[in-house]
Amino acid sequence: MSASDPAGLESSPHLVSSLRWGRIGGQFLRTVVSVSVTILGLLVLTFFIGRLLPLDPVLAILGDDASQEAYDRMVQKLGLEKPLWEQFLNYVWNSLQFDFGTSLTSGRPVIEDILRVFPATLELATLAMILGTGLGIPLGVLAAANRDTWVDQFVRVVSLIGYSAPIFWLGLLGLTVFYAGLGWVGAPGRIGIVYQYDLEVRTGLYLIDSAISGHWDIFADVFSRIVLPASILAYGAMAYISRMTRSFMLEQLSQEYIIAARAKGASRSSVIWWHAFPNIAVQLVTVVALSYAFLLEGAVLTETVFAWPGFGRYLTTALLRADMNAVLGCTMLVGLIFITLNLLSDVFYRMFDPRTR
Amino acid sequence: MNRFWNFAGCVAVAAFVGAPTALAETPTDTLIMARNIDAISTFDPAQIGEVVTNEIVLNICDSLVEIDPEDEAAVVPSIAKDWTVSDDGLKITFNLVEGAAFPSGNPVTASDVAWSLQRVLTLGFGNAATLTEYGFTAENAETDFVAIDDATFEMNLSRPYPVMLILQAIAANRVANVLDSKYLMDKEVDGDLGNKYLTTQSACVGPYALRQWNAGEVVILEANENYYGPAPKMNRIIIRHVAEAQAQRLLLEQGDIDVARDLGAEDLRDLNENPDIEVVSAPMHQLYYMGFNNADPKFADDRVRLAFKYLMDYDAMSETVMAFLGMPRASVVPLGALGALDEAEGQPFSLDLDKAKALLTEAGYGDGFSARLFIGTLPYASPIAQHVQENAAQVGIDLEIEQMANAQLFSAFRGREFDTVMLSWQTAVPHAHGMLSRHAVNPDNSAEASLTMFPTWRASWFSEDFNRRIDEALFERDEAKQIEMYKQIQRDHMQKGPFAYSFQLLDTAALSKAVTTWKWNAFRAYYSDVEKD
Amino acid sequence: MDAPATPARESLRDWLQAPTANSPRQARAQVVWRGWLRLISNRAALAGLVVLALLVALAAVGPWLTPYSALGQDLGTRLQPPSALHWLGTDDLGRDILTRILHGARITLMMALLVAAIAGPVGLAVGATAGYLGGWFDIVSMRLVDIFLSFPSLILALAFVAALGPGIENAVIAISLSAWPPIARLARAEALTVRKSDYIAAARLQGASSMRLILKHVMPICLPSVVVRVTLNMAGIILTAAGLGFLGLGAQPPSPEWGAMLASGRQFMLTSWWLAATPGAAIMLVSLSFNLLGDGLRDVLDPRND
């Protein structure tokens, strides 16, 4: 999260700019064209990254000991001897059907793997988001309302530390102190081994699954494990959200209608929460949507430290095991999520923001 | 900075004081083991190449025979209840046990045995080398592996190899895992002989059966209720993926697991002092070594390669970085194998910069040179490489380390695209021939031959003399004489061979006190013998 | 500042504080001066600046401050806790950690600066050209920017460095590849606002070529906001570099790069905490000071604050 910096907001793909003018039909067409061009670009980029990787997918399947004949046969089977353009067309055709091939390391279709590991990341990121938003917005408002006082400085330093600390390092320290030392939180991993096979998985989100089936002992176990990685991820998100909230609030607080409201005798807190805050709500939704996407990035490193069987760990393992199909599938998926979130926040922005309507 | 120090101090204190919470307990009928199982990619015995999967598959799929749990140099019956050898030593006849049945209900027959072995050659994965090494080929598979009747299986050899070696190398190996041929042919896709089905499932008979594998998460084995042999003691074996050694240690200390398999030297040192935990190790027939590309004239000089053997402080490393993980070994044959040099003679080297410098000067490289050193991601790879790097720098050799994913490392080594490399090699037989057949023999050094399964070929190292002597030693019937021949080969290999061996690796595990019996040797662990309180 | 100022400095101060500027140069200098005053009056930003200055100084002279070498191994004194001899302890090969941290500061700062030096100009050139020229160049380059921005920077850098091979140089290239697009977008926005301005039109009428216009007139106008953005991005760059090092894809052993030190120290977290704690703290400190400085800079340059 921290590496994403405030760039997240300001660099949201400017689909809006192409959306903003023109009639509805033209707008829609333009958006479709622009999104499809971006997706095609994603495909090109991932394909060439895949070709450039100095990892040998054939060896990854056959093992270190294989004979040259077996090697050549596998090259043929994988279609790696075909001309590059043909391989690319195959790749595009298959990707459009969400067929990213078979993972070399799990022997299952990549898309199946991703769907299996994704809920773990989703649960972690969502909880982090709830914590990060719940803390970040009030802190940002507080800082703006008390601009340049010690409160503002305090919020600034606390949140900037959230930006600045390497997330994997916080994870290691957190585990050492809160799990090994104090025993306040559960072990690395998503669920206790003894519980793993008693839990009926419906949504894939273990907190919800255990709650709806009434297994409160499992719920407690799952919660004790998720709370630390989620808090650490949330710290980064909180930092970002509180900085952006402060900035939006400052803008509102300097507006004339606020000054007018104050002059009419509205109390300070009612001006802040009833007059200014609703006006930044739309902007905040965009920020939250974007930082949600960036949590995926934080997840790559956090999941490594916390043995979290999610998307980030799947991607890093695939990278280290030369599992090209899985790496490309994951990269494509992250790209798609980014594009979708950006598009959604653009649309949302257009629909609800008075200035763009 | 003060705040940081206070905080850091808290971390340290907290880490050493330990957890105040009550210890968890694992179920008594279940063994829970933490291990890094990222390497698992299939359960097809014809394709498995990793140590982790090998151990699991040997516990779920019985082979013709099995390495004796009590004596790793001997074999005991498994699917084959006994066997006879023809007078010319070219035919081994196995009589199979009665009443063994696969989970599908199909009886275990000799044709399953023949099919399983032929299949390894037909599919041609890396494991086919285990068979081709002893003269079996895909073309002759049908006449070499023959089902005489349901209960009699015949193996025809092309040369009179020592029978014990064949039993260890093939009959006890995963290539002789007996698979359910009828069932798998039903599951066949595109002529793959069930390879796709076996990626995530098993179709064989053993004390345990594979119940579930979630890549990067867990492997669950369950006791096979219809097993023909003695029933295993644990009902379930759960192998949980925990990549971090630190996390494994914490889980073990907190009582969340019974066995931790991938601990680091420092953690093992601490755990060894803990009365609630037992640290056990078994020397594997696996050597950590440095390889040199002999296509480079520098490394083609015997003296240059020899000089590198004087660039490591073996004792200091084995007490620090490699404590509990390896013992110094310079001979190509691991301790414990038939024909191995004894401990002292098998490790005559020590850190001696003057000697190294003298050898380099003699070879014409007194001014040193620079070379790249490729290493993998094992935790000890980096410190060992840096240790050698520093000593090499003192004799003028500038080594540039490049650490890479293991897949990439193997790819560079196989492709002959390296200067020097550090990695390990494991053999599946407790016999000098196991290592020598790959680390001293190179049938054809030409690029076209592409004998990529021979590390000698990868290192572009070829010696007619070693090829001949190893063949002669293999067929020497007088065992005393044979051992003497092997010893001389090792002495010469130590001076002229393509590789600098540094450590014989140990398989080390930490067990919670609940585990009362844990049986293993150099080649596998026996899950069915595990006992817990 | 209590010491009596020299006449020359006094006149400089007068020049900077004069109520009316007599030349465009003086006007510009006054803007910078007022910004500077506002920046250092922001305590957090000042702290960031001071720590950074200190760090640069330490990185410059650090190697002469300790009696040890960053690479010198001594297995006899490995894993020593912090003490009078080794202020931050020693690592698993007996190397002094403080010395390694000081050497590592050079690597970290060097990487951050190199990325800034690559991504800044590239982003500026692409963005300014796209904004000024418009047309197909704008469409193509901004589509490219969109594609690059569809990935989190670490994942993109991870993929590139996996393709290029590990090492500091490749890490710098990979991070630069993921760092230029936001800068290009920013520069484009700035260029769009000036392309229609009168003095650009005037210069064009005088017959200046597009190339010359972009170089001499458009790019200088985009420069200040690009500089601020790059400063703000420094912390992100440092964390990405450390992340790559942590995953073993950055600096190679025996380099004392902080991310790599942290990665090799993590296996000693429970036995010798100082191996991982100190490089992590160092990364945090540098990144925090860049963030404090950047945050202050933004406050100063944000028109909303006036």
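Me: Which residues touch the most other members of the largest nonpolar core?

Reply: In soluble globular proteins, nonpolar side chains tend to be buried together. In this predicted model, the largest nonpolar core has 357 residues, and L124(A), A128(A), A171(C) and I238(C) touch the most other members. Helix α12 (residues 216–253) of chain A gives the most to this core, with 18 residues.

Me: What does A171(C) touch, not counting residues up to four places away in sequence?

Reply: Leaving out those neighbours, A171(C) touches M111(C), V161(C), A241(C), L244(C), L249(C) and G250(C).

Me: Which elements make up chain C?

Reply: Chain C has eleven helices and zero strands. Its C-alpha atoms fill a box of roughly 75 × 60 × 30 Å along the principal axes. Among contacts in chain C between residues at least 6 apart in sequence, 69% join residues at least 24 apart.

Me: How many of the residues of chain C count as buried?

Reply: A residue is buried if 20 or more other C-beta atoms lie within 10 Å of its own. By that cut-off, 50% of the 306 residues of chain C are buried. Helix α8 (residues 198–205) of chain C is hardly covered: among its eight residues, the count of buried ones is zero. Just after α8(C), G207(C) takes a positive phi of about 95 degrees.

Me: Where in chain C is confidence lowest, and where is it highest?

Reply: Where pLDDT is low, the predicted coordinates should not be read in detail. Chain C averages a pLDDT of 84, and 94% of its residues score at least 70. Confidence in chain C is lowest in helix α1 (residues 7–17) of chain C, at a mean of 71, and highest in helix α4 (residues 97–133) of chain C, at 92. Over residues 1–6 of chain C the pLDDT is below 50, and beyond near neighbours in sequence this stretch has one contact in the model. For the complex, the predictor gives an ipTM of 0.81 and a pTM of 0.85.

Me: How many residues of chain B are in contact with chain A?

Reply: The size of an interface is often given as the accessible area lost when the parts come together. Here the description is by residues: 44 of chain B are in contact with 41 of chain A. On the chain B side, the elements that give two or more residues are α1 (2–17), α4 (128–132), α8 (195–200), β10 (236–241), α9 (245–253) and α16 (406–414) of chain B. The residues of that side divide into 23 nonpolar, 15 polar and six charged.

Notes: Residues numbered from 1 in each chain as written. Chains lettered and ligands numbered in written order. Predicted model: local features only at pLDDT ≥ 70, side-chain atom pairs only at ≥ 80, totals over all residues. Contact = placed C-beta atoms within 7 Å. Helix = DSSP H or I, 4+ residues; strand = E, 2+ residues; numbered from the N terminus. Nonpolar A, V, L, I, M, F, W, Y, C, P; charged D, E, K, R; others polar. Buried ≥ 20, exposed ≤ 12 C-beta atoms within 10 Å, placed from the backbone. pLDDT = per-residue confidence, 0-100. Core = buried A, V, L, I, M, F, W, Y, C linked by C-beta atoms within 7 Å.
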